[in-house]
Amino acid sequence: MRNTDAEPEAWTRIRRQARISRITKKHPFLSVGLPFLLAVVGGSFVLLPTQEIKYEIRDKRIKNVSFDEAAGPRKKLDLQEEYFRMKSKGAWSGNWEPKRVERPPEEEPVFDRYDK
């Protein structure tokens, strides 16, 4: 025996699906754009609390460390000492001049090609 009460429910379900199908074919924004926008807006509401927690933890960690501790021990800069240190490394030997490194012709700038 067939259940006669189930048939009207099935037909109403089919009619509802057909109506939804017609509407989404006529207005594709409802089937594509609206779910996309809901995902973007919903995602921002989900990510917002996690970002807040992240920045709160970072702020606590930064506040716990004072500026002097973060900078470390400071060494007083003496210009004369620095000059002699660099001179001993050969940084200012006095026998250097700036030289251009030759490039292959295809890497030359365009404006130099036409000046020749």
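Buried means under 20% relative accessible area, exposed means over 50%, and partly exposed is anything in between, using a 1.4 Å probe and protein chains only. Keep that handy for the tour.

This is a predicted model, where local features need pLDDT of at least 70, side-chain atom pairs count only at pLDDT 80 or more, and totals for chains, interfaces and linings use all residues. Residues are numbered from 1 along each chain as its sequence is written, and side-chain values use heavy atoms, with hydrogens and water left out.

**Whole chain.** Start with a cartoon view: you'll find five helices and zero strands. Helices here are DSSP runs of H or I with at least four residues, strands are runs of E with at least two, and both are numbered from the N terminus. Of the 116 residues, 3% are buried.

**Helix H1.** Select residues 6-26, then pick Thr12, which sits in this helix. Thr12 is partly exposed, at 36% relative accessible area. Its side chain reaches the backbone oxygen of Glu9 at 2.8 Å.

**The loop.** Next, go to Leu30, between H1 and H2. Why is Leu30 called partly exposed? Because its relative accessible area is 37%, which falls between the 20% and 50% cut-offs.

**The nonpolar patch.** Now show the surface and select Ile23, Phe29, Leu30, Leu34, Phe36, Leu37, Leu38, Val40, Val41 and Phe45, which together have about 950 Å² of accessible area (Shrake-Rupley method). To join such a patch, nonpolar side chains (Val, Leu, Ile, Met, Phe, Trp, Tyr) must lie within 5 Å, in residues with over 30% relative accessible area and no salt bridge (a Lys or Arg side-chain nitrogen within 4 Å of an Asp or Glu carboxyl oxygen). Which helix gives the most to the patch? Helix H2, residues 33-64, with seven residues.

Methods. Patches are made of residues with over 30% relative accessible area and no salt bridge: like charges are joined within 9 Å, nonpolar side chains (Val, Leu, Ile, Met, Phe, Trp, Tyr) within 5 Å. Accessible areas come from the Shrake-Rupley method with a 1.4 Å probe; for residues, only the protein chains shown count as cover. A polar contact is a pair of N or O atoms within 3.5 Å; within protein, one must be able to donate a hydrogen and the other to accept it, and residues adjacent in sequence count only if both atoms are side-chain atoms.
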